[in-house]
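Trainee: Please take me through this entry by question and answer, starting with the terms that are required.

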Amino acid sequence: MTARRADVLQVLGVGAATSIGLTALATAAAVAGNICRYQHDQSMRHYETGEPVTLAMMSSLPDAWTAIERMLWFARLALEQAVAPLLELLATPRVSILLSIPPERPGLSAATLHAGVRAELVRLPFSVVQQACGVYDRGHEGGISALLRARELIEQNACDICIVGGFDCGRDGPFLDWLAQGRRLKSETAPTGLVPGEGAAFLLIGSATVARRYGLTVLAGLSAAYTAVEPHPWYLGRSTQGRGLSEAIGGAFKHGLQEGKRADVTYCDLSGEPWRADEWSMAYLRTAAQHGDPLAIRHPADCWGDVGAASAPLLLVTALLDLQHRRARGDRALVWCASDTRPFRGAALLDVADHRRPPTWP
């Protein structure tokens, strides 16, 4: 198993765009208001029944756009928000970009996606440290691995600030057919399936020293991140014991919680599939003493659908804004994610105790 931890990092900026909101603030507020974007997409049909597929999509985008075009559109919106603090600086810090992207799947070519990502990086209004950039095609957990890499780069002084983010889009015919064939797409014949969504989120990650040097506002601290591998993932057809998720959550607690402290609220990527709930049940039983009592848990897939590789960044941004604006209990949030077609599990602890600001809205 592979598991590493991250020491305290600072969140210096955030951005997000989803089907329920085109800014981070709008997305978090929509989740808090339980606004759901589920709708029947008349252009996408179930391969067996011919009925419209239920998706959580931005209906105003052109039907002809591919999934890659859609996810990169969301990525541009989210990235513009996250990097806004950098554009106001007189001196330019050394910046790297660490991206969580969807793994290759039916309808999605890795080569085409990577080409799209490279084209987007060229459009950035500042240069990046190429050798410090990275891409993680690990699915839902990818954003946690990106955080761990950000810690390494910052500790090694390879860059000043890491832009950590992810994006995904499930509106693609071959992908939807593949989900339906595996009884994973929510429908009348698969009531416990998932509803695909789309979106992107980014966070500016740096140290307190860098924040002071450049006069950047610290929004929250990332006290720990931890990754692990599930030895018995659901797709092997064996009963899960949730060992990987238990290790990831337990590792985050061990390295990020002080004695006697708890995670006040939990944000996760539960999206309706039974295997996720099974793994979480096992992990919670093993770590219950370090969760808030009573348990406060939020799973925004109820609103924005299953957002795949964008899950961890979107959950972190939403948790941060909820804590800042006192829509969630306490100062400390646990975020965990479990990849669906990969065995990777990850967890992170976010703390706004020393960085809470009064609510401000644009």
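Mentor: A residue is called buried under 20% relative accessible area, exposed over 50% and partly exposed in between, with a 1.4 Å probe and protein chains only. Helices (H or I, at least four residues) and strands (E, at least two) are DSSP runs numbered from the N terminus. The model is predicted: local features need pLDDT of at least 70 and side-chain atom pairs count only at pLDDT 80 or more, while totals for chains, interfaces and linings use all residues. Residues are numbered from 1 along each chain as its sequence is written, and side-chain values use heavy atoms, with hydrogens and water left out.

Trainee: What pLDDT does the protein average, and over which residues does pLDDT stay under 50?
Mentor: pLDDT is the predictor's confidence in each residue, from 0 to 100. The protein averages 92, and 96% of the residues score at least 70. Where pLDDT is low, the predicted coordinates should not be read in detail. A stretch with pLDDT under 50 is residues 1–6, and another with pLDDT below 50 is residues 358–362.

Trainee: In which order do the 10 strands form the open sheet?
Mentor: Two strands pair if DSSP finds at least two bridges between them. The edge strands, each pairing on one side only, are E5 (134–136) and E10. The pairing in the open sheet is mixed, and the order is E5-E4-E6-E7-E1-E8-E12-E11-E9-E10.

Trainee: How many residues of strand E6 are buried?
Mentor: Ile161, Ile163, Gly165, Phe167 and Cys169 point one way from E6, and all are buried. Cys162, Val164, Gly166 and Asp168 point the other way and are likewise buried. For strand E6 (residues 161–169) the count is thus 9 of 9.

Trainee: Which residue in E7 stands opposite cysteine 162?
Mentor: On one side, E6 runs parallel to strand E4 (residues 95–100), joined by 6 bridges; there, isoleucine 97 has isoleucine 163 as its bridge partner in E6. E6 also pairs with strand E7 (residues 198–206), in the antiparallel sense, over 9 bridges. In E7, the residue opposite cysteine 162 is isoleucine 205.

Trainee: Which residues have the most contacts inside the largest nonpolar core?
Mentor: A nonpolar core is a set of buried Ala, Val, Leu, Ile, Met, Phe, Trp, Tyr and Cys residues joined through side-chain atoms within 4.5 Å. The largest such core has 52 residues, and its largest share, 9 residues, comes from H11. Apart from this core lies another of 38 residues, among them Ile101, Val117, Ala211 and Val218. In the largest core, the residues with the most contacts are Val11, Cys162 and Ile205.

Trainee: Why is strand E12 described as largely enclosed by the rest of the structure?
Mentor: On one side of E12, Phe344, Gly346, Ala348 and Leu350 are buried, and on the other Arg345, Ala347, Leu349 and Asp351 are buried. Strand E12 (residues 344–351) is largely enclosed because its buried residues number 8 of 8.

Trainee: What is the bridge partner in E12 of cysteine 337?
Mentor: Strand E8 (residues 220–229) runs antiparallel to E12 and is joined to it by 8 bridges; tyrosine 226 has alanine 347 as its partner there. Strand E11 (residues 332–338) is also antiparallel to E12, with 7 bridges, and the two form a hairpin with 5 residues between them. The bridge partner of cysteine 337 is glycine 346.

Trainee: Within what arc do the buried residues of H1 fall?
Mentor: In helix H1 (residues 24–32), Ala24, Thr27, Ala28, Ala30 and Val31 are buried. The arc is that of the directions from the helix axis to the C-beta atoms. Seen down the axis, these buried residues of H1 line one face of the helix, because they fall within an arc of 160°.

Trainee: Which residues is alanine 30 in contact with, leaving aside its neighbours within four places in sequence?
Mentor: Alanine 30 lies in helix H1 and is buried, with a relative accessible area of 4%. Contact means heavy atoms within 4.5 Å. With those neighbours left aside, alanine 30 is in contact with Ile20 and Ile35.

Trainee: How far does helix H9 reach from its first C-alpha to its last?
Mentor: The expected span of a helix is 1.5 Å times one less than its number of residues. Helix H9 (residues 274–287) has 14 residues, and at 1.5 Å a residue 20 Å is expected; its reach is close to that, at 20 Å.
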